[in-house]
Amino acid sequence: MEWSLPFGNNVCRIRLSPVTMVDMTHSFDKDYWDQIWHGDRATAMGTSPANPHLVRQVGDLTPGRAIDAGCGAGAEAIWLAQHGWQVTGADVAAEALETAAERATASGVADRVDWVQADLSVWEPESPYDLVTTHYAHPAMPQLEFYDRIASWVAPGGTLLIVGHLHHGHGHGHDHGPPAEASVTAADITGRLDAEVWEIDTAEESHRSMNDSQIHDVVVRARRRPTLAG
Ligand SMILES: C[S@@+](CC[C@H](N)C(=O)[O-])C[C@H]1O[C@@H](n2cnc3c(N)ncnc32)[C@H](O)[C@@H]1O
């Protein structure tokens, strides 16, 4: 079996042996991601352009401090840096970050991005961010709890942008999506964002073709309401 997974604006095809499938179904841990990013894959994915949802969703925001949670080879963090943001690119996989850092240097934005190697299921930032974004990151912890975690890193008045795998069931012909535990619906995400705290700007489920693969995305953008003074 093969998964077709978006990385940045590219498709990564991951071949699974029956044994690997059993292992990977239950563990998106550091070892798994290190294996994904080992060797040629990090180099190949290091040429991917930024995710089109990020480009569309962030263009109207005023740049400030941003974090890309599970940044992989850095396409989105670098795009943000090129558009005026001071960025933290965080990922558990060291090889992905090495590729990302080389790419930031080549793009002339190395001074605008800090690369942090960390397990984001336990790591905490020192201060909140004006933009917290993530693209297809699925750690070993439950997906929606991961989104809860990163949402807590958004500063008052700041923005949360989640781009994830849409949960749409399996067995759709040649369309091999990610496993159920790594995918969500827009309603799954917005249902956890307290309306007294968050204003939802975007909650959409989109479908696009990329390199002969169908990509099913969920995109949620929400603004944390400013805290009232006094
Ligand atoms: C499917 S890849 C997407 C990479 C990148 N955001 C993109 O769209 O190309 C998921 C990323 O999440 C990272 N990741 C998974 N679990 C993590 C964790 N617990 N802490 C930090 N990063 C994690 C992986 O190493 C991987 O780079």
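## Nonpolar core

In this predicted model, the largest nonpolar core comprises 57 residues. Those with the most contacts inside it are Ala77, Ile78, Ala81, Ala100, Val113, Val132 and Ile189.

Ile78 touches Arg103, Ala104, Ser107, Val109 and Val113, when residues up to four places away in sequence are not counted. Of these, Arg103 and Ala104 are buried residues of helix 6.

Helix 6 covers residues 94-107, a run of 14 residues. From its first C-alpha to its last it reaches 20 Å, close to the 20 Å expected at 1.5 Å a residue.

The buried residues of this helix are Ala96, Leu97, Thr99, Ala100, Arg103 and Ala104. They lie on the same side of helix 6 because they cover an arc of only 160° around the axis. In general, an α-helix has 3.6 residues a turn, so residues three or four places apart point the same way.

Several elements contribute to covering the buried residues of helix 6, including helix 2 (30-37), helix 3 (40-45) and helix 5 (75-82). Strand 4 (86-91) and strand 5 (113-117) are also included in this cover.

The exposed residues Thr105 and Ala106 are carried on the face of helix 6 turned away from its buried side. Just after the helix, Gly108 adopts a positive phi of about 80°.

## Model confidence

The mean pLDDT of the chain is 87, with 84% of its residues reaching 70 or more. Over residues 15-24, pLDDT stays under 50. For residues 15-24 the model has eight contacts beyond four places in sequence.

Key. Residues numbered from 1 in each chain as written. Predicted model: local features only at pLDDT ≥ 70, side-chain atom pairs only at ≥ 80, totals over all residues. Helix = DSSP H or I, 4+ residues; strand = E, 2+ residues; numbered from the N terminus. Expected span 1.5 Å × (residues − 1). Buried ≥ 20, exposed ≤ 12 C-beta atoms within 10 Å, placed from the backbone. Arc of directions from axis to C-beta. Contact = placed C-beta atoms within 7 Å. Core = buried A, V, L, I, M, F, W, Y, C linked by C-beta atoms within 7 Å. pLDDT = per-residue confidence, 0-100.
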